[in-house]
Amino acid sequence: MNRPSSAPGASTTDVVVVGAGPTGLTLAIDLVRRGVAVRVLDKRPEGFSVGTRGNGLQPRTLEVFDDLGVVGPILETAGAHPPLLVYVGRVPVFRKHAHKPVAPSPAVPYPSVVIQPQWRTERILRDRLTELGGKVDYGTEVTALTQNAGEVTAVTGSGETIRSRYLVGADGGRSVVRKTLRIGFAGETREDTRLLLGDVEVGGLRRDAWQVWVNPIRKQVRASVWPVPHSACFRFSAPITRDERPDLTLAGFQRLLRERTGRRGLTVTGLAAPSVYRVAIRLAERYRSGRVFIAGDAAHVHSPAGSQGLNTSVQDAYNLGWKLARVLSGAPESLLGTYEAERRPVARRALGLSTELLDGRKIEHDERTSQLDLSYRGGPLAAGARGGDRAPDAACATADGRRIRLFDVFRGPQPTLLCLGAGPVPGGVPAYRIGRDLLDDGGHIRAAYGETGYVLVRPDGYIGIDTSSVAELTGYLAGI
(Lines give C-alpha, C1' and ligand atoms only; values in the text may rest on other atoms or scores of the structure.)
Protein backbone atom coordinates (compact mmCIF):
# COMPACT_ATOMS: atom_id res chain seq x y z
CA MET A 1 0.00 0.00 0.00
CA ASN A 2 3.06 2.28 -0.24
CA ARG A 3 3.95 4.42 -3.23
CA PRO A 4 7.68 4.44 -4.03
CA SER A 5 9.37 7.73 -4.83
CA SER A 6 11.89 8.28 -7.58
CA ALA A 7 14.27 9.84 -5.04
CA PRO A 8 16.80 7.39 -3.50
CA GLY A 9 16.07 6.53 0.13
CA ALA A 10 12.63 8.14 -0.10
CA SER A 11 9.04 6.95 -0.42
CA THR A 12 5.60 8.51 -0.54
CA THR A 13 2.27 7.38 0.83
CA ASP A 14 -1.09 8.85 1.73
CA VAL A 15 -0.85 8.45 5.52
CA VAL A 16 1.98 7.56 7.88
CA VAL A 17 0.89 6.01 11.19
CA VAL A 18 3.55 6.15 13.90
CA GLY A 19 2.94 3.42 16.46
CA ALA A 20 1.47 -0.07 16.03
CA GLY A 21 -0.40 -0.54 19.28
CA PRO A 22 -4.19 -0.96 19.28
CA THR A 23 -4.69 2.69 18.22
CA GLY A 24 -2.30 2.61 15.28
CA LEU A 25 -3.45 -0.83 14.13
CA THR A 26 -7.13 0.16 14.28
CA LEU A 27 -6.41 3.27 12.22
CA ALA A 28 -4.33 1.33 9.69
CA ILE A 29 -7.04 -1.31 9.24
CA ASP A 30 -9.70 1.34 8.75
CA LEU A 31 -7.61 3.22 6.18
CA VAL A 32 -6.40 0.18 4.23
CA ARG A 33 -9.91 -1.19 3.81
CA ARG A 34 -10.85 2.15 2.27
CA GLY A 35 -8.06 1.89 -0.30
CA VAL A 36 -5.81 4.45 1.38
CA ALA A 37 -2.04 3.94 1.04
CA VAL A 38 -0.63 3.61 4.56
CA ARG A 39 2.81 3.19 6.09
CA VAL A 40 2.80 1.92 9.69
CA LEU A 41 6.04 2.51 11.63
CA ASP A 42 6.94 1.21 15.08
CA LYS A 43 10.28 1.58 16.83
CA ARG A 44 9.85 -1.69 18.72
CA PRO A 45 11.76 -4.63 17.21
CA GLU A 46 8.54 -6.65 17.16
CA GLY A 47 4.93 -6.51 18.26
CA PHE A 48 3.85 -6.55 21.90
CA SER A 49 3.89 -10.27 22.80
CA VAL A 50 3.75 -10.38 26.61
CA GLY A 51 1.98 -8.48 29.34
CA THR A 52 -1.69 -7.80 29.96
CA ARG A 53 -2.02 -4.03 30.11
CA GLY A 54 -5.10 -2.60 28.42
CA ASN A 55 -7.02 -5.77 29.22
CA GLY A 56 -10.68 -4.68 29.45
CA LEU A 57 -12.57 -4.31 26.17
CA GLN A 58 -15.78 -2.33 26.57
CA PRO A 59 -19.05 -2.99 24.68
CA ARG A 60 -18.67 -0.01 22.33
CA THR A 61 -15.15 -1.13 21.38
CA LEU A 62 -16.50 -4.60 20.59
CA GLU A 63 -18.94 -2.92 18.19
CA VAL A 64 -15.99 -1.19 16.51
CA PHE A 65 -14.22 -4.53 16.25
CA ASP A 66 -17.38 -6.03 14.72
CA ASP A 67 -17.21 -3.46 11.94
CA LEU A 68 -13.48 -4.04 11.40
CA GLY A 69 -13.97 -7.79 11.08
CA VAL A 70 -12.15 -8.93 14.24
CA VAL A 71 -14.85 -9.37 16.87
CA GLY A 72 -15.00 -13.14 16.22
CA PRO A 73 -11.39 -13.93 17.18
CA ILE A 74 -11.51 -11.32 19.95
CA LEU A 75 -14.49 -13.01 21.65
CA GLU A 76 -13.22 -16.53 20.99
CA THR A 77 -10.03 -15.86 22.95
CA ALA A 78 -11.37 -13.42 25.58
CA GLY A 79 -12.93 -14.17 28.93
CA ALA A 80 -15.77 -12.77 30.98
CA HIS A 81 -14.84 -10.19 33.58
CA PRO A 82 -14.48 -12.20 36.81
CA PRO A 83 -16.23 -11.22 40.03
CA LEU A 84 -14.24 -9.33 42.65
CA LEU A 85 -13.32 -11.37 45.74
CA VAL A 86 -11.82 -9.34 48.60
CA TYR A 87 -9.70 -10.92 51.36
CA VAL A 88 -8.46 -9.76 54.71
CA GLY A 89 -5.53 -12.07 55.22
CA ARG A 90 -6.69 -15.57 54.27
CA VAL A 91 -10.37 -14.80 54.92
CA PRO A 92 -12.70 -13.80 52.03
CA VAL A 93 -14.93 -10.96 53.25
CA PHE A 94 -16.60 -9.45 50.21
CA ARG A 95 -17.68 -10.56 46.73
CA LYS A 96 -19.08 -8.31 44.04
CA HIS A 97 -19.46 -8.07 40.27
CA ALA A 98 -17.83 -4.76 39.30
CA HIS A 99 -18.99 -5.49 35.74
CA LYS A 100 -22.33 -7.26 36.02
CA PRO A 101 -22.99 -9.74 33.20
CA VAL A 102 -25.67 -8.43 30.85
CA ALA A 103 -27.68 -10.43 28.33
CA PRO A 104 -27.41 -9.35 24.67
CA SER A 105 -30.35 -7.45 23.22
CA PRO A 106 -31.36 -6.50 19.68
CA ALA A 107 -29.91 -3.01 20.22
CA VAL A 108 -26.73 -4.06 22.07
CA PRO A 109 -25.25 -7.34 20.82
CA TYR A 110 -22.10 -7.08 22.99
CA PRO A 111 -23.31 -5.71 26.33
CA SER A 112 -20.57 -6.98 28.67
CA VAL A 113 -16.94 -6.00 29.08
CA VAL A 114 -14.54 -8.84 28.28
CA ILE A 115 -10.99 -9.48 29.42
CA GLN A 116 -8.40 -9.76 26.67
CA PRO A 117 -4.68 -9.15 27.21
CA GLN A 118 -3.38 -6.35 25.03
CA TRP A 119 -0.75 -8.52 23.37
CA ARG A 120 -3.49 -10.78 22.03
CA THR A 121 -5.64 -7.84 20.90
CA GLU A 122 -2.64 -6.47 19.01
CA ARG A 123 -1.95 -9.84 17.41
CA ILE A 124 -5.53 -10.16 16.18
CA LEU A 125 -5.52 -6.61 14.79
CA ARG A 126 -2.13 -7.18 13.17
CA ASP A 127 -3.40 -10.37 11.51
CA ARG A 128 -6.40 -8.46 10.17
CA LEU A 129 -4.16 -5.74 8.77
CA THR A 130 -2.03 -8.37 7.04
CA GLU A 131 -5.18 -10.02 5.64
CA LEU A 132 -6.16 -6.67 4.09
CA GLY A 133 -2.72 -6.23 2.50
CA GLY A 134 -1.09 -3.94 5.05
CA LYS A 135 1.92 -4.48 7.30
CA VAL A 136 3.92 -2.93 10.13
CA ASP A 137 7.52 -1.79 9.71
CA TYR A 138 8.99 -2.73 13.08
CA GLY A 139 12.37 -1.43 14.17
CA THR A 140 11.61 1.84 12.39
CA GLU A 141 11.85 4.94 14.56
CA VAL A 142 10.84 8.43 13.45
CA THR A 143 13.70 10.78 14.34
CA ALA A 144 12.63 13.98 12.56
CA LEU A 145 9.37 15.45 11.37
CA THR A 146 8.61 18.51 9.22
CA GLN A 147 5.61 19.68 7.22
CA ASN A 148 4.45 22.29 4.77
CA ALA A 149 1.10 23.20 3.24
CA GLY A 150 1.02 20.11 1.05
CA GLU A 151 2.81 17.24 2.79
CA VAL A 152 4.52 15.84 5.87
CA THR A 153 8.09 14.58 5.79
CA ALA A 154 9.26 11.98 8.30
CA VAL A 155 12.86 10.81 8.62
CA THR A 156 13.60 7.43 10.22
CA GLY A 157 16.59 6.25 12.18
CA SER A 158 17.90 4.44 9.11
CA GLY A 159 17.91 7.68 7.14
CA GLU A 160 14.84 6.92 5.04
CA THR A 161 12.66 9.88 4.10
CA ILE A 162 8.90 9.26 3.92
CA ARG A 163 6.57 11.87 2.49
CA SER A 164 2.84 11.68 3.09
CA ARG A 165 -0.32 13.73 2.84
CA TYR A 166 -0.98 13.23 6.56
CA LEU A 167 0.75 11.70 9.57
CA VAL A 168 -0.81 10.37 12.77
CA GLY A 169 1.13 9.93 16.01
CA ALA A 170 -0.23 6.89 17.84
CA ASP A 171 3.05 6.41 19.66
CA GLY A 172 1.97 6.38 23.28
CA GLY A 173 2.19 8.60 26.32
CA ARG A 174 5.81 9.55 25.61
CA SER A 175 4.87 10.40 22.03
CA VAL A 176 7.75 11.70 19.93
CA VAL A 177 5.20 13.10 17.49
CA ARG A 178 3.42 15.13 20.20
CA LYS A 179 6.71 16.40 21.60
CA THR A 180 7.97 17.35 18.15
CA LEU A 181 4.79 19.35 17.58
CA ARG A 182 5.28 20.99 21.00
CA ILE A 183 1.73 20.18 22.04
CA GLY A 184 1.18 20.65 25.77
CA PHE A 185 0.22 17.60 27.84
CA ALA A 186 -1.40 19.03 30.94
CA GLY A 187 -2.26 16.98 33.99
CA GLU A 188 -0.50 15.11 36.76
CA THR A 189 1.73 12.15 37.43
CA ARG A 190 1.00 10.72 40.86
CA GLU A 191 4.40 9.89 42.23
CA ASP A 192 2.80 8.43 45.35
CA THR A 193 0.62 6.04 43.34
CA ARG A 194 3.04 3.40 42.07
CA LEU A 195 2.22 -0.20 41.22
CA LEU A 196 4.42 -3.22 40.80
CA LEU A 197 3.02 -5.22 37.89
CA GLY A 198 3.81 -8.57 36.34
CA ASP A 199 2.35 -11.66 34.72
CA VAL A 200 2.99 -14.58 37.04
CA GLU A 201 2.44 -18.31 36.88
CA VAL A 202 1.56 -19.50 40.35
CA GLY A 203 -0.14 -22.58 41.73
CA GLY A 204 -2.77 -22.69 44.42
CA LEU A 205 -4.82 -19.65 43.39
CA ARG A 206 -8.42 -19.92 42.23
CA ARG A 207 -9.10 -18.78 38.64
CA ASP A 208 -12.79 -17.92 38.96
CA ALA A 209 -12.36 -14.50 40.61
CA TRP A 210 -10.35 -11.29 40.66
CA GLN A 211 -8.77 -11.65 44.10
CA VAL A 212 -7.82 -8.59 46.13
CA TRP A 213 -6.12 -8.48 49.53
CA VAL A 214 -6.76 -5.38 51.63
CA ASN A 215 -5.64 -3.77 54.86
CA PRO A 216 -8.99 -2.85 56.47
CA ILE A 217 -7.44 -0.51 59.02
CA ARG A 218 -5.64 1.65 56.48
CA LYS A 219 -8.29 0.97 53.84
CA GLN A 220 -5.59 0.09 51.36
CA VAL A 221 -5.20 -2.60 48.70
CA ARG A 222 -2.18 -4.78 49.44
CA ALA A 223 -2.22 -6.91 46.29
CA SER A 224 -4.48 -8.20 43.56
CA VAL A 225 -4.37 -11.03 41.04
CA TRP A 226 -6.72 -11.88 38.22
CA PRO A 227 -6.62 -14.83 35.81
CA VAL A 228 -5.56 -14.11 32.22
CA PRO A 229 -8.06 -15.86 29.88
CA HIS A 230 -6.80 -18.91 27.99
CA SER A 231 -3.47 -18.73 29.80
CA ALA A 232 -1.74 -20.18 32.83
CA CYS A 233 -0.86 -16.65 33.97
CA PHE A 234 -2.29 -14.29 36.54
CA ARG A 235 -1.86 -10.53 36.40
CA PHE A 236 -0.29 -9.47 39.68
CA SER A 237 -0.47 -5.92 41.00
CA ALA A 238 0.77 -4.46 44.26
CA PRO A 239 1.09 -0.84 45.40
CA ILE A 240 4.56 0.28 46.44
CA THR A 241 5.76 3.43 48.14
CA ARG A 242 7.42 6.36 46.42
CA ASP A 243 10.87 5.40 47.76
CA GLU A 244 10.56 1.61 47.51
CA ARG A 245 12.91 -0.11 45.06
CA PRO A 246 11.16 -3.35 44.12
CA ASP A 247 12.87 -6.57 43.19
CA LEU A 248 11.75 -7.31 39.61
CA THR A 249 13.02 -10.92 39.66
CA LEU A 250 10.93 -14.07 39.98
CA ALA A 251 12.14 -14.47 43.56
CA GLY A 252 11.17 -10.88 44.34
CA PHE A 253 7.63 -11.39 43.05
CA GLN A 254 7.30 -14.65 44.96
CA ARG A 255 8.39 -12.99 48.19
CA LEU A 256 6.03 -10.03 47.75
CA LEU A 257 3.08 -12.25 46.76
CA ARG A 258 3.53 -14.32 49.91
CA GLU A 259 3.88 -11.25 52.12
CA ARG A 260 0.91 -9.37 50.72
CA THR A 261 -1.52 -12.31 50.58
CA GLY A 262 -0.48 -14.16 53.71
CA ARG A 263 -0.28 -17.33 51.61
CA ARG A 264 3.18 -18.60 52.56
CA GLY A 265 2.97 -21.69 50.42
CA LEU A 266 2.51 -19.92 47.09
CA THR A 267 5.29 -20.53 44.58
CA VAL A 268 5.77 -18.38 41.52
CA THR A 269 7.01 -20.56 38.65
CA GLY A 270 6.98 -18.01 35.85
CA LEU A 271 7.28 -14.25 35.41
CA ALA A 272 6.79 -12.01 32.37
CA ALA A 273 6.69 -8.26 31.79
CA PRO A 274 7.67 -7.06 35.29
CA SER A 275 7.40 -3.30 35.61
CA VAL A 276 6.73 -0.36 37.89
CA TYR A 277 3.77 1.76 36.84
CA ARG A 278 3.12 5.35 37.86
CA VAL A 279 -0.40 6.68 37.43
CA ALA A 280 -0.52 9.58 35.00
CA ILE A 281 -3.63 11.60 34.18
CA ARG A 282 -3.01 13.90 31.24
CA LEU A 283 -4.78 15.42 28.23
CA ALA A 284 -3.17 17.04 25.18
CA GLU A 285 -4.08 20.69 24.67
CA ARG A 286 -4.85 19.96 21.01
CA TYR A 287 -5.03 16.93 18.71
CA ARG A 288 -3.71 18.46 15.52
CA SER A 289 -0.98 20.64 14.08
CA GLY A 290 -1.40 21.21 10.35
CA ARG A 291 -1.28 17.85 8.60
CA VAL A 292 -0.23 15.95 11.71
CA PHE A 293 -2.63 14.42 14.26
CA ILE A 294 -2.22 12.56 17.54
CA ALA A 295 -4.45 9.79 18.85
CA GLY A 296 -4.69 7.35 21.73
CA ASP A 297 -2.19 7.60 24.57
CA ALA A 298 -0.30 10.24 22.63
CA ALA A 299 -3.34 12.48 23.25
CA HIS A 300 -4.55 11.26 26.66
CA VAL A 301 -3.31 8.95 29.41
CA HIS A 302 -5.54 7.54 32.13
CA SER A 303 -5.39 5.56 35.33
CA PRO A 304 -6.13 1.88 34.63
CA ALA A 305 -9.31 2.03 36.71
CA GLY A 306 -12.43 1.42 34.67
CA SER A 307 -10.62 0.20 31.54
CA GLN A 308 -11.09 3.48 29.69
CA GLY A 309 -7.69 4.16 28.10
CA LEU A 310 -7.37 1.54 25.35
CA ASN A 311 -11.06 1.78 24.53
CA THR A 312 -11.00 5.55 24.17
CA SER A 313 -7.86 5.22 22.05
CA VAL A 314 -9.34 2.67 19.64
CA GLN A 315 -12.33 4.93 19.13
CA ASP A 316 -10.05 7.92 18.43
CA ALA A 317 -8.66 5.95 15.51
CA TYR A 318 -12.12 4.86 14.39
CA ASN A 319 -13.31 8.47 14.36
CA LEU A 320 -10.26 9.79 12.49
CA GLY A 321 -9.92 6.99 9.93
CA TRP A 322 -13.07 7.62 7.92
CA LYS A 323 -12.49 11.36 7.95
CA LEU A 324 -8.96 11.07 6.58
CA ALA A 325 -10.17 8.70 3.88
CA ARG A 326 -13.06 10.97 2.86
CA VAL A 327 -10.80 14.04 2.63
CA LEU A 328 -8.25 12.09 0.59
CA SER A 329 -11.13 11.21 -1.75
CA GLY A 330 -12.21 14.82 -2.17
CA ALA A 331 -14.34 15.73 0.85
CA PRO A 332 -13.83 19.22 2.32
CA GLU A 333 -10.66 19.65 4.40
CA SER A 334 -12.85 21.09 7.16
CA LEU A 335 -14.05 17.56 7.95
CA LEU A 336 -10.71 16.89 9.65
CA GLY A 337 -11.35 19.70 12.10
CA THR A 338 -14.21 17.70 13.57
CA TYR A 339 -11.84 15.02 14.90
CA GLU A 340 -10.57 17.05 17.84
CA ALA A 341 -13.95 18.72 18.36
CA GLU A 342 -15.58 15.31 18.84
CA ARG A 343 -12.88 13.25 20.52
CA ARG A 344 -11.18 15.59 22.98
CA PRO A 345 -14.35 16.03 25.10
CA VAL A 346 -14.72 12.24 25.16
CA ALA A 347 -11.18 11.87 26.50
CA ARG A 348 -11.81 14.55 29.11
CA ARG A 349 -14.89 12.64 30.30
CA ALA A 350 -13.03 9.32 30.36
CA LEU A 351 -10.20 10.87 32.37
CA GLY A 352 -12.68 12.14 34.95
CA LEU A 353 -14.42 8.79 35.17
CA SER A 354 -11.25 6.71 35.54
CA THR A 355 -10.00 9.13 38.21
CA GLU A 356 -13.28 8.77 40.15
CA LEU A 357 -12.80 5.01 40.10
CA LEU A 358 -9.14 5.28 41.08
CA ASP A 359 -9.94 7.51 44.05
CA GLY A 360 -12.78 5.28 45.22
CA ARG A 361 -15.49 7.87 44.63
CA LYS A 362 -17.24 5.42 42.31
CA ILE A 363 -17.15 1.62 42.16
CA GLU A 364 -20.10 0.81 39.92
CA HIS A 365 -19.48 0.21 36.23
CA ASP A 366 -22.35 1.24 33.96
CA GLU A 367 -23.18 2.79 30.59
CA ARG A 368 -20.53 5.43 31.16
CA THR A 369 -17.75 2.88 31.52
CA SER A 370 -19.18 0.75 28.68
CA GLN A 371 -19.05 3.88 26.48
CA LEU A 372 -22.39 2.97 24.92
CA ASP A 373 -23.83 6.32 25.96
CA LEU A 374 -21.13 8.40 24.23
CA SER A 375 -22.70 10.97 21.94
CA TYR A 376 -21.49 13.76 19.68
CA ARG A 377 -24.72 15.73 20.11
CA GLY A 378 -24.12 19.43 19.71
CA GLY A 379 -20.95 18.75 17.74
CA PRO A 380 -20.04 19.98 14.26
CA LEU A 381 -21.37 16.85 12.50
CA ALA A 382 -24.60 16.44 14.48
CA ALA A 383 -27.81 17.58 12.77
CA GLY A 384 -31.43 16.94 13.64
CA ALA A 385 -32.94 15.64 16.87
CA ARG A 386 -30.85 12.45 16.94
CA GLY A 387 -27.65 13.64 15.29
CA GLY A 388 -24.55 12.53 17.19
CA ASP A 389 -26.14 9.54 18.95
CA ARG A 390 -24.86 5.99 18.66
CA ALA A 391 -26.81 4.06 16.01
CA PRO A 392 -28.05 0.91 17.77
CA ASP A 393 -28.25 -2.51 16.21
CA ALA A 394 -31.57 -4.20 15.41
CA ALA A 395 -33.12 -7.05 13.54
CA CYS A 396 -35.74 -5.51 11.28
CA ALA A 397 -37.38 -5.80 7.89
CA THR A 398 -37.00 -3.74 4.74
CA ALA A 399 -40.06 -2.52 2.90
CA ASP A 400 -39.81 -5.47 0.47
CA GLY A 401 -39.84 -7.97 3.32
CA ARG A 402 -36.12 -8.79 3.62
CA ARG A 403 -34.93 -9.35 7.16
CA ILE A 404 -31.73 -7.52 7.98
CA ARG A 405 -29.47 -6.75 10.91
CA LEU A 406 -28.56 -3.08 11.01
CA PHE A 407 -24.96 -3.67 12.05
CA ASP A 408 -24.58 -5.83 8.94
CA VAL A 409 -25.70 -3.03 6.66
CA PHE A 410 -23.66 -0.44 8.56
CA ARG A 411 -20.50 -2.56 8.33
CA GLY A 412 -17.87 -1.24 5.95
CA PRO A 413 -16.33 2.08 4.98
CA GLN A 414 -19.43 3.87 3.72
CA PRO A 415 -22.18 5.93 5.37
CA THR A 416 -25.58 4.25 5.32
CA LEU A 417 -28.98 5.84 4.74
CA LEU A 418 -32.11 4.51 6.40
CA CYS A 419 -35.30 5.62 4.67
CA LEU A 420 -38.30 5.52 6.97
CA GLY A 421 -41.72 6.07 5.48
CA ALA A 422 -42.76 6.70 1.88
CA GLY A 423 -40.42 9.48 0.68
CA PRO A 424 -38.09 9.13 -2.32
CA VAL A 425 -34.80 7.26 -1.91
CA PRO A 426 -31.90 9.65 -2.67
CA GLY A 427 -28.82 8.33 -4.45
CA GLY A 428 -25.17 8.63 -3.55
CA VAL A 429 -24.98 6.31 -0.53
CA PRO A 430 -26.21 2.78 0.21
CA ALA A 431 -29.85 3.17 1.20
CA TYR A 432 -32.36 0.87 2.87
CA ARG A 433 -36.08 1.53 3.05
CA ILE A 434 -37.17 0.18 6.40
CA GLY A 435 -40.68 -1.21 6.61
CA ARG A 436 -43.08 0.17 9.18
CA ASP A 437 -43.62 -3.33 10.56
CA LEU A 438 -40.28 -3.37 12.35
CA LEU A 439 -39.18 -6.64 13.93
CA ASP A 440 -37.65 -4.96 16.94
CA ASP A 441 -39.18 -6.69 19.96
CA GLY A 442 -40.60 -3.65 21.67
CA GLY A 443 -40.29 -0.50 19.61
CA HIS A 444 -36.76 0.59 20.57
CA ILE A 445 -35.96 1.13 16.89
CA ARG A 446 -38.81 3.60 16.57
CA ALA A 447 -37.40 5.43 19.58
CA ALA A 448 -33.85 5.43 18.19
CA TYR A 449 -34.56 6.18 14.54
CA GLY A 450 -38.11 7.54 14.32
CA GLU A 451 -40.81 6.41 11.88
CA THR A 452 -40.54 8.84 8.98
CA GLY A 453 -37.87 10.69 7.06
CA TYR A 454 -34.18 9.89 6.62
CA VAL A 455 -31.47 8.84 9.06
CA LEU A 456 -27.88 8.96 7.83
CA VAL A 457 -25.52 6.74 9.81
CA ARG A 458 -21.88 7.78 9.63
CA PRO A 459 -19.16 5.24 8.80
CA ASP A 460 -18.26 5.08 12.51
CA GLY A 461 -21.75 4.05 13.60
CA TYR A 462 -23.12 7.38 14.84
CA ILE A 463 -26.15 9.19 13.46
CA GLY A 464 -25.06 12.17 11.39
CA ILE A 465 -28.44 13.65 10.54
CA ASP A 466 -32.10 12.74 10.80
CA THR A 467 -34.39 14.84 8.64
CA SER A 468 -37.47 14.71 6.46
CA SER A 469 -35.85 17.03 3.89
CA VAL A 470 -33.96 15.63 0.89
CA ALA A 471 -32.31 19.03 0.47
CA GLU A 472 -30.97 18.99 4.07
CA LEU A 473 -29.72 15.46 3.60
CA THR A 474 -27.98 16.37 0.34
CA GLY A 475 -26.36 19.39 1.95
CA TYR A 476 -25.10 17.29 4.85
CA LEU A 477 -23.59 14.69 2.52
CA ALA A 478 -21.72 17.43 0.66
CA GLY A 479 -19.87 18.26 3.88
CA ILE A 480 -18.61 14.75 4.53
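**Entry 1**

I traced an open sheet of 4 strands in the order 24-23-25-26, with mixed pairing; strands pair if DSSP finds at least two bridges between them. Strand 24 (431-434) and strand 26 stand at the edges with a single partner strand each, so one side of each has no neighbour in the sheet. The twist from one strand to the next averages 15 degrees. Strands 23 and 25 run antiparallel and are joined by 5 bridges; Leu418 has Val455 in strand 25 as its bridge partner. I took helices (H or I, at least four residues) and strands (E, at least two) as DSSP runs, numbered from the N terminus.

The model is a predicted one: local features need pLDDT of at least 70, side-chain atom pairs count only at pLDDT 80 or more, and totals for chains, interfaces and linings use all residues. Residues are numbered from 1 along each chain as its sequence is written, and side-chain values use heavy atoms, with hydrogens and water left out.

I then looked up helix 12 (residues 470-479), where Leu473, Tyr476 and Leu477 are buried (under 20% relative accessible area; exposed is over 50%, partly exposed in between, with a 1.4 Å probe and protein chains only). These residues lie on the same side of helix 12 because they cover an arc of only 100 degrees around the axis, taken from the directions from the helix axis to the C-beta atoms. Ala471 and Ala478, on the other side, are exposed. The buried residues pack against strand 23 (416-420), strand 25 (453-457) and strand 26 (463-467), contact being heavy atoms within 4.5 Å. At the start of helix 12, I found a side-chain oxygen of Ser469 within 3.3 Å of the backbone nitrogen of Ala471.

**Entry 1: cores**

Which residues have the most contacts inside the largest nonpolar core? They are Phe65, Leu167 and Leu456, in a core of 82 residues; such a core is a set of buried Ala, Val, Leu, Ile, Met, Phe, Trp, Tyr and Cys residues joined through side-chain atoms within 4.5 Å. Helix 7 (residues 309-328) gives the most to this core, with 10 residues. Leaving aside neighbours within four places in sequence, Leu456 contacts residues including Leu473, Tyr476 and Leu477.

**Entry 2: Arg34**

I located Arg34 in the loop between helix 1 (22-32) and strand 3 (38-42). Arg34 counts as buried because its relative accessibility is 16%. Not counting residues up to four places away in sequence, Arg34 touches Gly321, Trp322, Ala325, Pro413, Gln414 and Pro459.

Technical notes:
Polar contact = N/O pair within 3.5 Å; in protein donor to acceptor, adjacent residues only side chain to side chain. Axes fitted to C-alpha atoms, helices over the stretch in contact; angles between N-to-C directions.
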